[in-house]
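Reader: Hey, I've just opened this one and I'm new to it. Can you walk me through it?

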Amino acid sequence: MTEFIKSKEKKEMQEKLNQQFGIKEIPFLLVKSGKEKLRAFSGSLSKDEISELANLARVENIGLYFAAIHEDGIRLSLDACHLLQNQISKNIIQLDDKQSLNWFKGNDLEFESKIKGFAILKHEDDIIGVGKASGNSIKNFLPKERRIKN
Amino acid sequence: MYEPKPLFAERIAKLLPDREDREKFWEIVRKEPISSIRCNTLKISPEKLKEKLGKKGWKIEQPYENKEIMIIKSELLPGELGKAKEHLLGYYYVQEISSMLSILALNPKPGELILDLCASPGSKTTQASAVMENKGTIIANDRDMGRIAILSANLERCGCANVIVSRMDGVQLCERLKGKIEFDKILVDAPCSGEGNIRSNPKTLLMWNPKMIKVLSGIQKKLALSAFQLLKKGGEMIYSTCTHAPEENESVISFLLANFPAEIEKINLPIKTREGIIEWEDKKYNNKVKFTARIYPQDNNTEGFFLGKIRKK
């Protein structure tokens with residue numbers, strides 16, 4: 001059964017995303033996907049229409065993978081960051097060429113930073129992922145299929 | 001390059017009776033296809049992407065009015081297009097130019113309800129989503145899990161948020177939706193014998209056989225008629241394949257025109273096209289199938305393709 005995020009939950013999420021990254025608005029319908037993951041749908045079908053469709057067809061995915069909810073924060077997906085990039089203004093870590101390459105190889109980074117928790121990683125003007133900073137390192141969450149393969 | 005089977009060569013000779021034209025066909029299908037990409041405007045503008053790729057030393061040409069269509073003129077290393085940071089970030093989709101034509105012809109608009117019946121790997125779904133600016137809804141269907149995984153990965157990478165993915169046999173899906181959902185526009189990019197893809201997949205010449213064309217023609221007719229019934233009145237459907245075989249192309253369109261309240265629409269595309277044929281072997285098709293579009297590789301230095309645009313009366 002398709003489970004949509006209720007408006008109260010969405011509002012709480014917006015507040016958290018505002019605190020974390022400065023995101024004030026989530027212009028999507030949010031759908032639960034498993035225990036801790038959310039997908040975002042920007043399309044025109046209503047909740048009822050989607051539910052009706054899900055009864056008729058074997059629906060595999062609705063919209064795109066948006067975020068994973070952790071106890072210590074929200075980990076946005078790379079593609080959600082791209083769609084919301086105009087709103088992102090906080091907890092941004094700028095990487096140099098070497099660090100960026102290391103990131104795309106899927107490695108955790110040694111990186112001194114005051115930021116603790118989930119951070120948006122940028123190389124030049126591109127958002128290249130979301131990592132978890134812990135003061136002297138950044139944990140890499142880049143999906144395997146988005147990494148540079150050797 | 002594999003040698004074509006005699007019957008295939010014979011059929012191409014019937015389709016291209018002019019010797020010089022035919023020689024050009026066989027000459028170009030022996031060459032590797034050009035490298036082309038489509039800028040994903042959901043994530044970046046063509047100007048900015050061109051600038052970024054230019055900084056890498058890639059020479060980019062944009063020969064068409066649709067600036068998202070880009071040709072890479074530089075010699076790249078094998079796999080370089082797929083490994084580039086800009087590709088991993090979803091700024092572009094590696095897509096052959098002829099494959100971009102279905103969505104140019106369908107012309108989906110933001111807010112419309114679209115069905116992409118045979119959607120994997122997602123080149124056309126991602127293109128439609130970009131044209132629609134992530135507004136409106138696309139139902140993208142394919143039938144097996146492996147193909148769905150590829151489709152889903154491409155939709156994620158390209159930031160397509162207005163797509164619902166379903167996994168069903170195309171005909172079965174249409175039966176389930178019939179009378180319950182009506183679409184503004186439908187794309188049936190049907191599974192085909194792939195005669196148009198010899199340049200990128202020369203093994204097609206080895207696998208080609210006339211029995212397969214007959215079987216595929218039956219499947220394509222079922223898919224096309226099932227999908228057509230889901231169109232709202234005035235709705236439009238693009239039927240496309242990457243093959244030259246008339247049994248898989250004009251025959252399918254002629255079948256729709258004969259059995260349904262369908263009218264054919266002329267298609268304007270940014271590349272050279274040729275009219276559909278109205279006679280093939282012992283078959284005579286509806287005269288109006290001449291308004292379909294055949295794309296031969298020698299005309300535009302692309303792969304081969306076919307499109308027909310049908311409107312529900």
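Reader: Let's start with B:Phe8 and B:Trp208: buried or exposed?
Author: B:Phe8 is buried, and B:Trp208 is buried as well. Keep in mind that this is a predicted model.

Reader: OK. How many aromatic pairs are there over all chains?
Author: Searching the whole structure turns up six aromatic pairs over all chains. B:Phe8 and B:Trp208 make one of these pairs, with 5.2 Å from centre to centre and 45° between the planes, and it counts as tilted.

Reader: And where in the chain do those two sit?
Author: In distant parts of it, 200 residues apart. B:Phe8 belongs to helix H1 (residues 6–15) of chain B, while B:Trp208 is in the loop between H10 and helix H11 (210–228).

Reader: What about B:Phe25 and B:Trp26, why is that pair edge-to-face?
Author: Their ring planes are at 85°, and over 60 degrees counts as edge-to-face, so that's the label the pair gets. The ring centres are 5.0 Å apart.

Reader: Buried or exposed, those two?
Author: B:Phe25 and B:Trp26 are both buried.

Reader: Switching topic: where is B:Thr204?
Author: B:Thr204 is in helix H10 of chain B, which covers residues 204–207.

Reader: Why does B:Thr204 count as buried?
Author: Because its relative accessibility is 9%, and buried means under 20%.

Reader: Which residues does B:Thr204 touch?
Author: Leaving out residues up to four places away in sequence, B:Thr204 touches B:Ser193, B:Gly194, B:Glu195 and B:Asn197.

Reader: Now zoom out for me. How many helices and strands are in chain B?
Author: Chain B has 13 helices and 15 strands.

Reader: And how does its radius of gyration fit with a compact globule?
Author: It agrees: a compact globule of 313 residues would come out near 20 Å, and chain B has 19 Å. Along the principal axes, the C-alpha trace spans about 55 × 50 × 35 Å.

Reader: How much of chain B is buried?
Author: Buried residues are 59% of the 313. As for contacts with a separation of 6 or more, 75% of those in chain B are between residues 24 or more positions apart.

Reader: Last one, what about the surface and the charges?
Author: The accessible surface of chain B is about 13,000 Å², with 50% belonging to carbon and sulfur atoms. Chain B has 51 positive and 41 negative charges, and their mean positions are 3 Å apart.

Technical notes
Residues numbered from 1 in each chain as written. Chains lettered and ligands numbered in written order. Predicted model: local features only at pLDDT ≥ 70, side-chain atom pairs only at ≥ 80, totals over all residues. Heavy atoms only, no water. Helix = DSSP H or I, 4+ residues; strand = E, 2+ residues; numbered from the N terminus. Rg over C-alpha atoms; globule rule 2.2 N^0.38 Å. Buried < 20%, exposed > 50% of the residue type's maximum accessible area, 1.4 Å probe, protein only. Contact = heavy atoms within 4.5 Å. Areas by Shrake-Rupley, 256 points an atom, 1.4 Å probe, with all protein chains shown as cover. Lys, Arg positive; Asp, Glu negative; His and termini not counted. Charge placed at Lys NZ, Arg CZ, Asp CG, Glu CD. Phe/Tyr/Trp six-rings, centres within 6.5 Å; stacked < 30°, edge-to-face > 60°.
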